[in-house]
Amino acid sequence: MRTSKSSGTALRQRMVEDLQLRGLAAKTQEAYVRAVRQLAEYYGKAPDRISEEELRQYFLHLKNEKRASRSACTIALSGIKFFYKQTLGRDWTRLDFVRPAGEKKLPVVLSVEEVGEILSRVQRWQYRACLAVIYGCGLRVGEGVRLRVAAVDGERMMVHV
């Protein structure tokens with residue numbers, strides 16, 4: 001975020017204050033400021049002097065040339081959008097259609113043998129039994145942790161979650 005040292009520093013300071021007023025976490029603040037700094041460095045000018053078309057080209061650069069991950073693009077978009085909308089008070093509609101599509105990943109599925117191997121390495125039988133019930137019933141970890149003996153209906157072979 002530079003043109004002259006003082007205006008770049010003033011803009012950065014204003015953005016940091018806006019982020020603090022919004023109560024965003026320190027790591028989020030750092031990521032947002034970094035996103036705006038990288039945008040400014042890419043164009044070699046203060047971010048408040050970057051046009052809507054330049055923003056569009058920057059996000060194309062992130063996606064096509066840098067091959068940035070979805071999460072990196074989302075962080076860049078969120079930081080830059082915050083800067084323009086909150087700090088500068090600009091309402092650029094181009095920032096609304098940039099959001100990258102969700103990634104579809106299949107979960108890792110363990111084989112029966114792999115699950116058996118993992119369970120066999122658990123030394124305390126209580127933990128092994130708990131993990132076996134969680135796995136066998138397809139429970140979430142929180143559901144398994146809150147499970148009580150009274151919730152098991154041995155007669156009907158059911159577990160009440």
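# Reading helices and rings in a predicted model

Read along the sequence, the protein chain runs α-α-α-α-α-α-α-β-β. Keep in mind that this is a predicted model.

Q: How many helices and strands are there in the protein chain?
A: There are seven helices and two strands.

Q: What share of the residues counts as buried?
A: Of the 161 residues of the protein chain, 29% do.

Q: And what share of the contacts comes from residues 24 or more positions apart?
A: Such residues account for 48% of the contacts with a separation of 6 or more.

Q: How do I read two packed helices?
A: You describe them by the angle between their axes and the distance between the axes.

Q: How do I read a pair of aromatic rings?
A: Use the distance of the centres and the angle of the planes. In this model the count comes to five aromatic pairs. One of them joins tyrosine 58 and phenylalanine 59, which sit edge-to-face at 5.8 Å centre to centre, with 70 degrees between the planes. Phenylalanine 83 and tyrosine 84 also form an edge-to-face pair, at 5.2 Å centre to centre and 85 degrees between the planes.

Q: Which residues form an aromatic cluster?
A: Tyr42, Tyr43, Tyr58 and Phe59 form one.

Q: What does histidine 61 touch, not counting residues up to four places away in sequence?
A: Histidine 61 touches Tyr42 and Lys66. You'll find histidine 61 itself in helix α3 (residues 52-65).

Q: Why does histidine 61 count as buried?
A: Buried means under 20% relative accessible area, and histidine 61 has 13% relative accessibility, so histidine 61 counts as buried.

Q: Where does the charged end of arginine 124 sit?
A: Over the ring of tyrosine 127, 5.4 Å from the ring's centre.

Note on methods: Residues are numbered from 1 along each chain as its sequence is written. This is a predicted model: local features need pLDDT of at least 70, side-chain atom pairs count only at pLDDT 80 or more; totals for chains, interfaces and linings use all residues. Side-chain values use heavy atoms; hydrogens and water are left out. Rings of Phe, Tyr and Trp (its six-membered ring) pair if their centres lie within 6.5 Å; planes under 30 degrees apart count as stacked, over 60 as edge-to-face and the rest as tilted. A charge sits over a ring if NZ of Lys or CZ of Arg is within 6 Å of the ring centre and within 35 degrees of the ring normal. Helices (H or I, at least four residues) and strands (E, at least two) are DSSP runs, numbered from the N terminus. Buried means under 20% relative accessible area, exposed over 50%, partly exposed in between (1.4 Å probe, protein chains only). Contact means heavy atoms within 4.5 Å.
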